Amino acid sequence: MSATGCTLGIIGAPGFEREAEILSALLAIPLGEADATLYVEATWWLQLRQGDETLKLSADFAHGQLDWRRKHSSGKAEPVVKAVWGRANTPPSVFDATGGLARDSFLLAASGCQVQAMEQHPLIAALIDKALQDAALSDDPALQSVLQHLHYGHGNSAEFLPLQSPGFVDVIYLDPMFPPRPSAAKVKKDMQVLQALTETGLGDELLPLARAKAGQKVIVKRPSYAPPLANSKPSAQLPAGLNRFDIYPTQR
Ligand SMILES: C[S@@+](CC[C@H](N)C(=O)[O-])C[C@H]1O[C@@H](n2cnc3c(N)ncnc32)[C@H](O)[C@@H]1O
């Protein structure tokens, strides 16, 4: 069961039963359908049952929107890249402590940063890890190079960070889930899946841990209406449409 009370399951399509069994044993998640089910087949996908609604989540780093953004966004056009790079002339190394669907990590890796990303939810982490492995089979050398800059894994950053030496990376990036405004239009379907599977409003504990371990700074992505993480005033802010990036100096 996930932190939000959602039951978790794994199903192997015909021909993929063994792969599903191994994953089930590895993650200690039962085989069979649940509120959130990871379907193991040629391309993996996650299904979420919410009342009468069924939401599907898949990830693809070699095609679609992310691929387009990788090819077409020049320099620091992506706001997350602009926030993380700041005035740096060489690519900063980054720890993305709230990896999620690895979109921000992917864009940062595409800008040349060496990125290590960590995601606490086992099914999200498994889905994204497989999508990254699938993308690595692409014969596009530019995509291969991006993927060599991105290391994504399953784990809890609140447990990982205290074990790291100060300065183990230049920048620590945080994008914890924040509850949507009750009046807001429904968020996109993939974000609905993330919201159902992971607790919102958490992440306060990550800020002091990140500030103690980042070599240069901590960047926090927030919805523009949200208070700063841990109610801690940032030293600078970078507005970015419906979001903003709060910038914190290190604090040891
Ligand atoms: C809003 S999503 C991040 C989206 C991500 N920036 C992207 O581009 O796809 C927040 C994610 O952080 C993860 N998370 C929250 N606290 C975490 C922690 N302590 N360690 C690892 N992951 C965490 C949640 O499970 C969720 O998937």
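Modeller: With 8 C-beta neighbours inside 10 Å, N231 counts as exposed, where exposed stands for 12 or fewer other C-beta atoms within 10 Å, buried for 20 or more and partly exposed for what lies in between, with C-beta atoms placed from the backbone. This is a predicted model, in which local features need pLDDT of at least 70 and side-chain atom pairs count only at pLDDT 80 or more, while totals for chains, interfaces and linings use all residues. Residues are numbered from 1 along each chain as its sequence is written.

Colleague: In which loop is N231 found, and what is its phi?

Modeller: N231 is found in the loop between β9 (214-223) and β10 (236-240); helices (H or I, at least four residues) and strands (E, at least two) are DSSP runs numbered from the N terminus. N231 is a residue other than glycine, yet its phi is positive, near 50 degrees.

Colleague: Is A102 buried or exposed?

Modeller: A102 has a place in the loop between β5 (94-96) and α4 (103-110), and although A102 is not a glycine, its phi is positive at about 65 degrees. Because 26 other C-beta atoms lie within 10 Å, A102 is buried.

Colleague: How many residues surround the ligand, and which elements give two or more of them?

Modeller: The ligand is surrounded by 24 residues, the closest being T98, G100, L101, R103 and Q120, where a residue is near a molecule if its C-beta atom, placed from the backbone, lies within 6 Å of it. The elements that give two or more residues to this shell are α4, β6 (115-119) and α7 (157-160).

Colleague: What is the order of the strands in the open sheet of 4, and which are the edge strands?

Modeller: The pairing in this open sheet is mixed and the order is β1-β2-β3-β4, with two strands counted as paired if DSSP finds at least two bridges between them. Pairing on one side only, the edge strands are β1 (8-12) and β4 (53-57).

Colleague: How many bridges join β3 to β4, and which helix touches β2, β3 and β4?

Modeller: Strand β3 (residues 45-50) runs antiparallel to β4 and is joined to it by 5 bridges, and R49 stands opposite T54 in β4. The helix that packs on the sheet and touches β2, β3 and β4, contact being C-beta atoms placed from the backbone within 7 Å, is α8 (residues 189-197).

Definitions and conventions
Contact = placed C-beta atoms within 7 Å. Axes fitted to C-alpha atoms, helices over the stretch in contact; angles between N-to-C directions.
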